[in-house]
Amino acid sequence: MANFQRSYRDPTAQNPSKLTNAGCSGVCMMSTTWRDEQHPSFINFVASFLSANSFRLNFVPIAPDFIFNCGGLSVAFVFVTKLDSKYISPIFSRVQKLKGQFANLYVVVILPTKEQNDLFVRSYFKYGMELGKPTFVPVQDLEMGFEKIVNIAHSRGVCKQKAAIAKLKTERKRSVQGMDAFLRVVTSIPGIDNHDANALHQAIGSVEAIAKASKEYILGNTDLSADKAAIIFRFFRDPKFYLSPKINGLEKQFI
């Protein structure tokens, strides 16, 4: 177990978190194996920091050290709190394995000295790591490392939410545009108004489906009159009818 001599600051005492102010919430799953290897005071810091930022903490036997679910996105983390030459090979072997299992994986490494930083750089290339796959985040101390983890998880979650909102807006816009086009087509049928068009859309669906519907089907599934059902049926089958000019909103009758 790591032997921490320093005392940990209260995460709620200084610099009130921007995440709390932003109304952030999510779930943090911590590996029970990783937890048992850390000093209890640091685990207390982690728990307090998560609570202050509205994250729920669960202890779970998972492969990464942390998995955050924020904004509907899961982000996995390996948190290397002690880099030592005898641990290098297992660390990079584990990272190589996990990157194939998690689409969103980050590795946070504590590098407080130049010697440890040099060791990390040499090992990074020695073990054939690919830049950005996964992303390594070097930091100087434990608290900074965990704060980085929470910030990354939160930022990825916000991006996911914004992307989802943008997608919904795009789909809504397409839906509105599609409905406008539907109404223009269906109300171009002589005697059919917006109410009739909406009834046809709800009961039958697309213009193509309406074009294939029989008079009996239209009558049986909408509140349209028999005359309107006959007009719709004829409109999609009689070229003289649907190509004829309108006079005062009515079709020009053909003999």
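Which residue in E4 does Cys70 stand opposite? Select Cys70: across from this residue is Leu73 in E4. Strands (E, at least two residues) and helices (H or I, at least four) are DSSP runs, numbered from the N terminus.

The model is predicted, so local features need pLDDT of at least 70 and side-chain atom pairs pLDDT 80 or more, while totals for chains, interfaces and linings use all residues. Residues are numbered from 1 along each chain as its sequence is written, and side-chain values use heavy atoms, without hydrogens and water.

**The sheet.** Show E3 and E4. They pair in the antiparallel sense over five bridges; pairing requires at least two DSSP bridges. The open sheet has six, in the order E2-E1-E3-E4-E5-E6, with mixed pairing. E2 and E6 are the edge strands.

Select H3 (40–52). H3 packs on the sheet and touches E1, E2, E3 and E4; contact means heavy atoms within 4.5 Å.

**The core.** Select Phe66, Phe68, Phe77, Phe79 and Phe146. These have the most contacts inside the largest nonpolar core, which has 28 residues. Such a core joins buried Ala, Val, Leu, Ile, Met, Phe, Trp, Tyr and Cys residues through side-chain atoms within 4.5 Å. Another core, of 20 residues, lies apart from it and includes Phe120 and Tyr124. Center on Phe68. Its contacts include Val27, Leu50, Phe146 and Ile149.

**Last stop.** Go to Asn53, in the loop between H3 and E2. Asn53 is buried, with a relative accessible area of 1%; buried means under 20% (1.4 Å probe, protein chains only). The Asn53 side chain reaches the backbone oxygen of Phe49 at 2.8 Å.

Technical notes
Buried < 20%, exposed > 50% of the residue type's maximum accessible area, 1.4 Å probe, protein only. Polar contact = N/O pair within 3.5 Å; in protein donor to acceptor, adjacent residues only side chain to side chain. Axes fitted to C-alpha atoms, helices over the stretch in contact; angles between N-to-C directions. Lists of a residue's contacts leave out its neighbours within four places in sequence.
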